[in-house]
Every structure is written in C-alpha cells, then in structure tokens.
Amino acid sequence: MKKMVFGSFWIALVTALMVSGAAFSQDKFPSKPINVIVPFSAGGSTDLLARSVEKIWPKYSPQPLVIINKPGGGGVVGTEFVVRSKPDGYTLYLGYGSGHDVVMPHLQKMPYDTYKDLAAVSRLSVHSVVIVTGAKSEFNSIKDMVAWAKKENKPITSSVSTKAGAVDIAITALGKAAGINIVTVPFAGGADAVTALAGGHVMIGGGHPSEVIPHIKAGRFKPLAVALPERDPALPNVPTLIEQGINVHTWGSIKGVAAPAETPKEVVAYLDATFKKVCEDAEFKTIMANLSQPIMYLNSADFAKFLQQAYADYGKLIKELNITIQ
Amino acid sequence: MSVFDGIISGFGVALTPMNLLFAFLGALIGTAIGVLPGLGPAATIALLLPITYSIPSPVPAVIMMAGIYYGAMYGGSTTSILLNLPGEAASVVTCIDGYKMAQKGRAGAALGIAAIGSFIAGTVAVVGLTFFAPPIAEFALSFGPPEKFAIALMGLLMAVTLAGESISKGLIIMVLGLLFGTVGIDPISGKSRFDFGVIELQSGFDFVTIAVGVFGIGEIFYNLEQEGAAEIVTTKVGQVFPKMADWVQSRMAILRGTLVGFFIGIIPGGGAVISSLVSYALEKKISKHPQEFGQGAIEGVAGPESANNAASSSSFIPLLTLGIPGNASIAMIFACLLIKGVTPGPFLIVEHADVFWGVIASMYIGNIMLIILNLPLVGIWVQLLRVPYSILAPVVVLFTMIGSYSIANQAFDLYALIAFGILGYLLRKLKMEAGPLPLAFILGPMIEGTLRQSLLMSGGSFSIFFTRPISLTILSLFVLFVVAQAIFTIRRSSRYARAQQTT
C-alpha cells in the first residue's frame with residue numbers, strides 16, 4: 001500500500017515535471033527563427049555552405065535558420081555586426097575561420113578581437129586550396145613547373161581570388177619554398193580567378209575544390225597539388241605539396257559557426273549539437289559532396305583550439321613570406 | 001541529340017503546367033522588382049531561394065529564377081522612363097532620353113518601344129543561345145584582363161559622349177564617378193582606400209545607391225523647389241502606345257541593340273552595362289539627327305533597352321556551357337543549381353538535358369509572357385504620372401530606401417543614398433548631365449583592376465595590350481574615335497571662329 005502511494009507520488013511528480021517542462025519549453029531556445037549572418041556575397045562558397053545547412057536544419061530544430069548576407073570589408077562588416085549583436089544565440093556568424101579571421105588580424109588592425117569577442121560553436125568544413133593549371137599546359141606536376149621556371153628563368157603567373165587570401169598565401173609560399181618567382185594576380189573572387197585560368201590568361205591558378213573540380217572534370221584544368229597537410233577527400237588522387245617535396249602547407253579556408261562571446265553555454269551546446277546532427281545527415285552529405293565541400297565537423301572546444309593553431313600558423317607563414325598590404 | 005531534338009524536348013519540359021506556372025511567377029516577380037526602384041534581381045533571388053528547397057526538381061526553380069532575372073530587365077525601364085530612376089546599371093542610359101520623352105508627354109511611346117524592343121531582343125538572343133552557345137562561350141573566355149581593359153576604356157569614352165553638348169562638363173562628372181569608384185578595398189593590393197576609418201566604406205559604395213541617389217532622389221529634391229512646374233510634368237500623359245512612325249524610326253535601333261547586347265553580354269562582369277552604352281553611342285553616331293539625342297530620341301531608348309535584354313539572355317551562355325557565373329544574379333542561379341545537385345558546365349547538356357533545354361525553352365515562353373504582361377501595363381504605369389507629386393514623391397523615396405537597405409542589410413547605405421541625392425540635386429542645378437557618373441563609377445574600377453592585372457601578367461610591359469589581337473583591335477578603335485572627335489571639334493570651333501570674323 002505504502003509502496004503504491006509512493007508509486008503514484010512519483011507518477012504525479014514526473015507528470016508535473018513533464019507538464020512544467022512542456023510549459024517551460026515555450027521559452028526554451030530556440031523560440032524564434034535564428035538569423036545566420038554570412039559576411040560574404042550570395043552565391044559564394046560560404047553562402048553555398050550556409051544555404052545547404054539552412055535546407056537541412058529544420059529536420060533537427062523547431063525553428064528555421066534565416067540566411068542574411070552582409071558582405072563588405074572582406075567579411076569584417078558582417079562579422080562585426082554579429083560581435084555587436086545581442087548574445088542570445090539568435091544571431092550567428094557562419095564563415096568563422098575565413099581569411100578575415102585567421103589572416104587579416106596579422107596584417108591590419110581589426111575593429112574587434114576575433115577570438116575574444118566571438119565564441120566558437122562548430123566547425124563545418126575546411127576548403128582546401130587546389131593548385132591547378134590549364135589542360136594544355138606542359139606542367140603535369142609541381143616538379144615540372146619548378147623545373148620550367150628554373151630553366152627558362154621566367155616568372156610563373158597565377159590567378160588568385162583575393163590579395164592575401166588563403167589561395168594567395170598558399171601560392172606565394174609555394175614559390176618561396178621552391179625558390180622560383182610566382183607572380184600572383186588577384187581577381188575579384190574565386191569565379192573570376194578561375195575564368196582567367198580557363199581562358200589561358202595565366203599559367204597556373206588556385207582555388208577551392210568547389211571552384212575548380214567542375215573544370216577538372218570537364219578536362220579544362222589539370223590538378224597539380226593540394227596545399228593542406230593531408231590530401232583533400234574531395235580530390236583523393238591529387239598529392240599534397242609536401243608529398244611533392246615542397247615543405248609548405250596551409251589550413252585552407254576554414255568554415256565554422258560562431259556566436260557573440262557572451263552567448264549562454266547551454267545555447268551554444270544546443271546549437272553545436274544541432275549542427276552536428278546536420279553534418280551527419282545523409283542528404284546534407286549528398287549536397288556537400290556535390291558542392292565539393294568536405295564535411296569536417298568539430299565541436300565547440302576542439303574548433304576553438306583548431307582556430308588558435310591555424311591563426312598562429314598563418315602568422316608564422318605571413319612573417320616568413322614577408323606579406324604586407326601596406 | 002541534335003539541337004532541334006533538344007529544344008523540342010525542352011518545350012516538352014517547359015510546357016508542363018507546373019513549369020508554366022513557375023515561368024509566369026518568375027516573369028511577374030521580375031517585372032515587379034524591376035519596377036520597384038532599388039530592389040534588384042540578385043537580392044530577390046536570394047530571398048526566394050529557401051522556397052525552392054521544397055521543390056524536388058531543379059527545373060521549375062531555375063525557370064522561375066531565370067524569369068525573375070530577365071523579367072527585371074523588362075521592368076527596369078519603367079521607372080527610368082517615368083521617374084528618372086534607374087533600377088540597375090544597364091538602365092542608366094535609358095533615363096537620358098526616356099525621361100525626356102516622358103516630360104514631353106511621350107512616356108507611353110517610350111515604355112511601349114522599350115517593351116517591344118526587349119521582347120525582340122530577348123527572343124533573338126534566346127535563339128542565339130539555342131544554336132550557338134558552345135562556340136560563343138569559347139569566344140567569351142578569350143577575353144582576359146587586357147581585353148576587358150580595352151573594352152572598359154571604350155565604354156568610358158562612350159559614357160562621356162552621353163554628357164550632351166559640353167565635353168568638359170562630361171569629363172568633370174566622369175572624374176567624379178571615377179573617384180567614387182576608388183573608395184574601398186583595392187582588390188590588387190588589399191589596402192583600403194578613402195575609408196576614413198568607416199568600416200562600411202571599406203566595401204565601397206553600391207551602384208544602386210549612387211544611381212538611384214543621383215538620378216531619382218536628386219530629381220525629387222529638384223522638383224520640390226519647382227512649385228507647380230512638377231505638376232505639369234506629371235499631368236501630361238499623352239498617347240499610351242507607340243505610333244507607327246515610332247516603330248519605323250526605332251526598328252533598326254532595336255536590331256543593332258540586340259546584336260550588340262548579345263555579343264557583349266557574354267563577357268563576364270559588366271557586359272550588360274557596356275552593351276547598353278555601346279548601343280546608345282552607336283545610335284547617336286549613325287543617327288541623321290544626333291542633336292535630338294538627350295532631348296528625347298526614341299532610338300536612345302529602343303537601342304539600349306534591346307541591348308540590355310539581349311545581354312541578360314546571353315549572359316546565361318557562360319553559366320550553362322562553362323559553369324562560370326558572370327554576375328550576381330547568375331551566381332544565385334548557379335548556387336541554386338548546385339544545391340539541387342546539378343553542376344552547371346560542359347556536362348550539363350549531357351547529364352541534365354532536361355535542365356539545359358527546359359530552361360532555354362522556358363525563356364522563349366517567358367519572353368512571350370512578359371510582352372503580354374507588360375504591354376497592357378504600359379497604360380497603367382502611364383497613369384502613375386497622374387498621381388499628385390506630393391504623394392508620388394514620398395512613396396518613391398520610401399521604396400528607394402527599402403531597396404537600398406536590402407542590398408547589404410545596413411543602415412549606412414540610407415545615409416549614402418541621401419548624400420548622393422543632394423549631389424544629384426546640385427548637378428541638376430548646375431545643368432550637368434549626371435549620366436557619366438554612375439557609369440564611370442562601374443567602369444573605373446574595372447579599368448584600374450584589369451590594367452594592373454594585365455601588367456602583373458606581362459611583368460610590367462605595356463606590350464601586352466598590343467600583341468593580343470582582340471585588345472589591339474579595340475584599342476585601335478578607341479584611338480580612332482578620339483582622333484576623329486578631336487578633328488571634328490577643332491574644325492567646328494575654327495569654322496565658328498571664321499563665322500564670327502565675317503560677321
């Protein structure tokens with residue numbers, strides 16, 4: 001009898017908790033759509049990633065994501081907007097780890113502290129830098145290219161997406177390590193740089209897999225190397241620079257999510273867990289494979305550590321290469 | 001599969017009820033945003049992208065987006081003609097004679113000829129797209145930095161000729177436009193210029209802000225002080241549709257504009273703008289009455305409007321055949337295709353024949369829908385001029401504000417819009433034609449960037465411009481035009497001097 005009373009007490013308690021839990025979840029995060037700021041133009045590789053996440057997100061969360069493009073200042077304008085937003089988890093920054101986070105602070109003064117003012121949520125992807133040449137080129141490997149430059153004593157011209165961007169730094173570093181003169185010609189974004197190489201206006205070029213793989217498949221470009229520490233899963237047959245005897249690697253272009261620094265821990269944990277589910281989703285994997293963007297999920301803590309290392313490594317590289325924008 | 005089999009199968013795809021509906025939606029939305037000043041196709045497509053996620057097939061989504069893009073080109077001429085408000089870069093030229101026509105009570109004729117010209121140009125360009133896409137795409141690739149430099153320089157020369165009678169006034173406005181174009185991060189060195197520590201300035205000014213401010217807002221400020229004068233402009237509506245004589249006068253301009261637009265439109269980046277400029281300059285040069293240009297010449301509307309529509313269709317060629325997006329709107333369509341699992345490029349026609357031919361077929365249908373939609377609307381738009389200016393002006397300002405904010409979602413652009421409005425007002429007071437300003441703003445950075453890219457490619461040698469056949473040809477034409485203009489000006493002034501001596 002006593003046991004039964006006790007039993008019903010527990011049932012009542014659990015029911016009460018469940019009801020209050022349900023009532024509480026009205027205010028539980030997220031109770032309204034989440035704004036995701038992409039600090040680059042619509043249609044670029046970061047925007048494509050954001051829109052792919054946007055498509056899958058509602059499967060795992062009661063509230064949708066709303067993508068807002070705030071381009072400008074190489075990404076600084078949109079990022080600063082997030083830094084100055086209310087830290088409630090309803091304003092996120094997608095693209096954390098881009099050039100203006102890991103490269104720009106080494107070159108110029110920033111209006112905010114990228115690492116203190118933002119909290120890492122999840123890493124979603126890393127876009128490697130692939131070095132390519134035209135299909136008709138006589139270069140079939142980095143070795144061919146270095147041999148040609150040394151024999152002819154002529155500079156190699158290379159199209160790059162932006163000055164002091166991930167591609168520019170990787171190719172400048174390659175030239176320095178190989179002891180040859182590579183002139184990088186900056187364009188207004190990856191698509192422009194790829195077009196210049198496709199027209200044969202430069203000798204080599206670099207780009208993220210999503211930008212160059214369609215042209216490699218079409219037989220217009222030949223891949224020469226990947227500038228990551230390890231091979232890119234999107235291009236498993238293309239050797240790294242290190243494999244080809246050039247001791248250079250970069251961290252490519254890192255694409256993660258960040259929230260304003262003061263965002264509550266449990267909100268960040270919820271967001272991170274949901275991004276993880278998105279990254280493990282089969283449909284998301286198909287979309288990302290089609291975009292040639294590898295999924296490289298890391299949780300909040302590991303992503304923060306990874307960023308610190310990438311930031312320090314880029315700093316070293318920039319000092320060694322003596323890159324300045326002044 | 002031959003081209004004929006392909007296009008027939010394409011019509012099979014495009015004529016299904018679902019795809020017809022989406023083509024219609026695209027045409028309708030495109031017309032609407034074209035008319036609303038400041039709202040551009042790229043922002044609209046970005047906004048509508050999430051809706052397309054729920055449609056399993058990529059075909060209807062792309063049909064709709066393509067419709068929005070070329071539909072906006074149809075609608076874009078409306079505000080240029082009625083309110084002196086260019087919705088996008090390619091409509092700036094239309095303002096010059098279109099707005100003058102409206103002031104003379106010929107708004108209906110201008111709108112009508114713009115719609116008919118757009119229809120003819122759009123359709124002819126799609127025929128070109130159907131039959132010659134691959135070889136034309138290869139031709140587009142041969143335009144590297146030196147060629148783009150030459151063509152942009154040519155565009156700048158033509159922009160100055162828009163200035164009307166005074167070349168020196170035109171040059172002053174041009175330099176102003178070039179200066180505004182230098183604000184922001186310099187793409188070659190990565191250094192930010194003239195930002196005065198303002199982060200928003202690092203990304204430079206936006207074209208829409210400048211064009212809408214200088215033209216539209218400036219015009220409204222100017223009209224505010226013209227008590228009564230504005231009323232006259234707004235009540236004179238005139239005949240709604242173009243007369244037979246208008247049609248006869250502009251049919252060759254439409255044809256030439258179409259050809260110019262089709263070929264220049266394929267060059268990625270700025271193709272549509274330059275093609276509208278080239279068309280205008282061409283019409284003015286070969287016209288029997290060049291003095292009417294700038295005073296409401298119908299060819300000055302028909303040619304450039306046809307050119308920008310042909311260009312919007314031919315700009316699909318690099319996307320569909322090479323996988324290269326040429327401008328922001330096309331980049332959004334590119335993104336949509338990729339997310340849907342379709343990679344635009346050389347394999348599109350093989351791997352996704354339904355997308356390739358379906359979209360092309362839908363463009364024939366879309367153009368027909370647009371002309372049916374737009375011609376009767378001309379009558380309605382013209383009535384807009386009957387709205388009292390005290391109501392029309394604030395509404396226009398409101399819409400331009402929303403449009404400018406939507407570009408980068410930042411309030412800074414609103415202040416910039418007002419500042420450019422004040423500039424436009426001052427230019428109007430000084431009787432200076434503002435046309436070259438937004439055009440120099442677009443062409444300046446193109447000239448600077450491609451010049452420096454070319455010199456990086458050549459190791460600093462200017463010979464790169466004269467050893468490549470295409471750039472050599474264009475630059476020779478440039479020199480020829482400048483010399484011809486100089487001789488013409490000197491002769492005229494010496495004749496003028498002689499005439500003065502004899503009197």
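Trainee: How many residues of chain A are in contact with chain B, and how many of chain B with chain A?
Mentor: In this predicted model, 43 residues of chain A are in contact with 45 residues of chain B.

Trainee: Which elements give two or more residues to the side of chain A that touches chain B?
Mentor: They are helix 2 (45-56), strand 2 (65-69), helix 3 (76-83), strand 7 (182-186), helix 8 (190-198) and helix 11 (282-291) of chain A.

Trainee: Which one gives the most?
Mentor: Helix 2 of chain A, with six residues.

Trainee: And what does that side have by class?
Mentor: The side of chain A that touches chain B has 22 nonpolar residues, 14 polar ones and seven charged ones.

Trainee: Ok, chain A as a whole. How many helices and strands?
Mentor: Chain A has 12 helices and 11 strands. Its C-alpha trace spans about 95 × 40 × 30 Å along the principal axes. Of the 326 residues in chain A, 55% are buried.

Trainee: What does the domain assignment give for chain A?
Mentor: It gives domain 1 (34-127 + 252-321) and domain 2 (130-244). Domain 1 is written as two stretches of chain A.

Trainee: What separates their centres?
Mentor: Taken over C-alpha atoms, the centres of domain 1 and domain 2 of chain A are separated by 26 Å. As for contacts, 15 residues of domain 1 of chain A meet 17 residues of domain 2 of chain A.

Trainee: Which elements of domain 1 give two or more residues there?
Mentor: Helix 2 and helix 12 (300-321) of chain A do, on the side of domain 1 that touches domain 2. The residues of that side divide into seven nonpolar, eight polar and no charged. Helix 2 of chain A also turned up on the side of chain A that touches chain B.

Trainee: Switching to sheets. What is the strand order in the open sheet of five strands?
Mentor: The order is 7-6-8-5-9 in chain A, and the pairing is mixed.

Trainee: Which strands stand at the edges?
Mentor: Strand 7 and strand 9 (221-226) of chain A do. Each has a single partner strand, so one side of each is left without a neighbour in the sheet. From one strand to the next, the twist averages 30 degrees.

Trainee: How many bridges join strand 5 to strand 9?
Mentor: Five bridges join strand 5 (residues 130-134) of chain A to strand 9 of chain A, and the two run antiparallel. For instance, A:Val132 has A:Pro223 in strand 9 of chain A as its bridge partner. Likewise, A:Gly134 has A:Phe221 in strand 9 of chain A.

Trainee: And strand 5 with strand 8, what sense?
Mentor: Antiparallel, over four bridges in chain A. There A:Ile131 stands opposite A:Gly206 in strand 8 of chain A.

Trainee: Is strand 5 buried or exposed?
Mentor: Five of the five residues of strand 5 of chain A are buried, so the strand is largely enclosed by the rest of the structure.

Trainee: Where is A:Met145 found?
Mentor: A:Met145 is found in helix 6 (residues 142-152) of chain A.

Trainee: Why does A:Met145 count as buried?
Mentor: Because 24 other C-beta atoms lie within 10 Å of A:Met145, and the cut-off for buried is 20 or more.

Trainee: What does A:Met145 touch, not counting residues up to four places away in sequence?
Mentor: A:Met145 touches A:Phe139, A:Ile156, A:Ile204 and A:Leu224. A:Ile180 is 35 residues from A:Met145 in sequence and 9.4 Å away in space, C-alpha to C-alpha.

Trainee: Now chain B. How do helix 10 and helix 21 cross?
Mentor: Helix 10 (residues 207-225) and helix 21 (residues 436-458) of chain B have axes that come within 9 Å and cross at roughly 170 degrees. Helix 10 and helix 21 of chain B are therefore roughly antiparallel to each other.

Trainee: Which residues meet there?
Mentor: From helix 10 of chain B they are B:Phe207, B:Ile210, B:Ala211 and B:Val214. From helix 21 of chain B they are B:Leu437, B:Pro438, B:Phe441 and B:Ile442.

Trainee: How do they divide by class?
Mentor: The residues of this contact between helix 10 and helix 21 of chain B divide into eight nonpolar, no polar and no charged.

Methods
Residues numbered from 1 in each chain as written. Chains lettered and ligands numbered in written order. Predicted model: local features only at pLDDT ≥ 70, side-chain atom pairs only at ≥ 80, totals over all residues. Contact = placed C-beta atoms within 7 Å. Nonpolar A, V, L, I, M, F, W, Y, C, P; charged D, E, K, R; others polar. Buried ≥ 20, exposed ≤ 12 C-beta atoms within 10 Å, placed from the backbone. Pairing = 2+ DSSP bridges. Axes fitted to C-alpha atoms, helices over the stretch in contact; angles between N-to-C directions. Parallel < 35°, antiparallel > 145°, perpendicular 65-115°, else oblique. Domains from an automatic or database assignment.
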